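Q: I would like a close look at one part of this model. Please keep to what can be read from the coordinates.

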Amino acid sequence: AQKVTQAQTEISVVEKEDVTLDCVYETRDTTYYLFWYKQPPSGELVFLIRRNSFDEQNEISGRYSWNFQKSTSSFNFTITASQVVDSAVYFCALSRPRAGANSKLTFGKGITLSVRP
Amino acid sequence: AAGVIQSPRHLIKEKRETATLKCYPIPRHDTVYWYQQGPGQDPQFLISFYEKMQSDKGSIPDRFSAQQFSDYHSELNMSSLELGDSALYFCASSLGRGFNIQYFGAGTRLSVL
């Protein structure tokens with residue numbers, strides 16, 4: 001069975017602070033993908049990043065960066081110099097291979113990030 | 001760029017009524033997924049389709065059915081609605097199977113009274 005754990009439920013920071021959202025996953029598969037999605041107050045789910053299990057290179061996109069460590073089964077997400085617009089629920093998700101079938105996403109419980117001005 | 005379109009955005013139904021949710025995937029996307037997100041919960045996979053065939057099934061009640069049509073749009077039919085069906089229903093689409101990125105629509109918020 002696969003599982004995604006986001007132990008932090010709510011985080012509140014002041015604008016311009018850096019914040020890290022933790023994600024720990026469990027899977028027996030050697031091939032899998034990890035994702036982060038953002039759900040702003042308007043409700044839609046916005047794709048942020050996908051990382052495969054063979055690529056442990058960290059990634060940076062503007063103020064966003066991701067740290068993938070297979071040794072600790074973690075895929076953490078850092079927002080640098082947070083802004084009010086970053087306020088949202090952030091979901092980490094896992095996808096594993098299924099022969100002859102689509103790869104559904106298994107989500108964590110989500111982390112509610114509030115950025116105060 | 002065109003995104004996943006879901007309609008209606010909001011739906012209010014009474015118990016025991018039926019509801020139909022529609023999803024129009026991103027052009028050229030051949031795979032559709034349905035997820036249900038209860039209040040304060042994470043999205044839960046319901047069902048998926050690839051090339052108009054059901055591909056995978058999650059925790060979808062027997063009262064629900066879905067299909068994907070020749071133009072790749074999909075409909076989720078829900079009958080004998082219960083209070084517990086109140087949720088945000090997401091449709092996502094991807095190009096092909098496997099680990100392709102799933103792009104989500106804005107969701108349909110269903111309220112059962």
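How many residue pairs does the rule find in polar contact across the interface of chain B and chain A?

A: This is a predicted model, in which local features need pLDDT of at least 70, side-chain atom pairs count only at pLDDT 80 or more, and totals for chains, interfaces and linings use all residues. Residues are numbered from 1 along each chain as its sequence is written, chains are lettered from A and ligands numbered from 1 in the order in which they are written, and side-chain values use heavy atoms, with hydrogens and water left out.

Across the interface of chain B and chain A, 5 residue pairs are in polar contact, both residues being at pLDDT 80 or more. A polar contact is a pair of N or O atoms within 3.5 Å; within protein, one must be able to donate a hydrogen and the other to accept it, and residues adjacent in sequence count only if both atoms are side-chain atoms. On the chain B side, β4 (31-37), β5 (44-50), β6 (53-57), β9 (87-94) and β10 (103-104) each supply at least two of the residues that touch chain A. Strands (E, at least two residues) are DSSP runs, numbered from the N terminus. By class, this side of chain B has 13 nonpolar, 9 polar and 4 charged residues. Ala, Val, Leu, Ile, Met, Phe, Trp, Tyr, Cys and Pro count as nonpolar, Asp, Glu, Lys and Arg as charged, and the others, Gly among them, as polar.

The interface also has 1 salt bridge (a side-chain nitrogen of Lys or Arg within 4 Å of a carboxyl oxygen of Asp or Glu). B:Asp42 forms a salt bridge with A:Lys109, and their closest N and O atoms are 3.1 Å apart.

As for extent, 26 residues of chain B are in contact (heavy atoms within 4.5 Å) with 26 residues of chain A. The two chains, B and A, bury about 2,000 Å² between them, with 55% of it on carbon and sulfur atoms. Buried area is the accessible area (1.4 Å probe) that two parts lose on being put together, summed over both.

Two backbone details complete the picture. In chain B, the peptide bond from B:Ser7 to B:Pro8 is cis, with omega near -10°, and B:Pro8 lies in the loop between β1 and β2 (10-13). In chain A, A:Ala81 has a phi near 50°, a positive value in a residue other than glycine; A:Ala81 lies in the loop between β9 (74-79) and β10 (88-95) of chain A.

Terms used: Helices (H or I, at least four residues) and strands (E, at least two) are DSSP runs, numbered from the N terminus.
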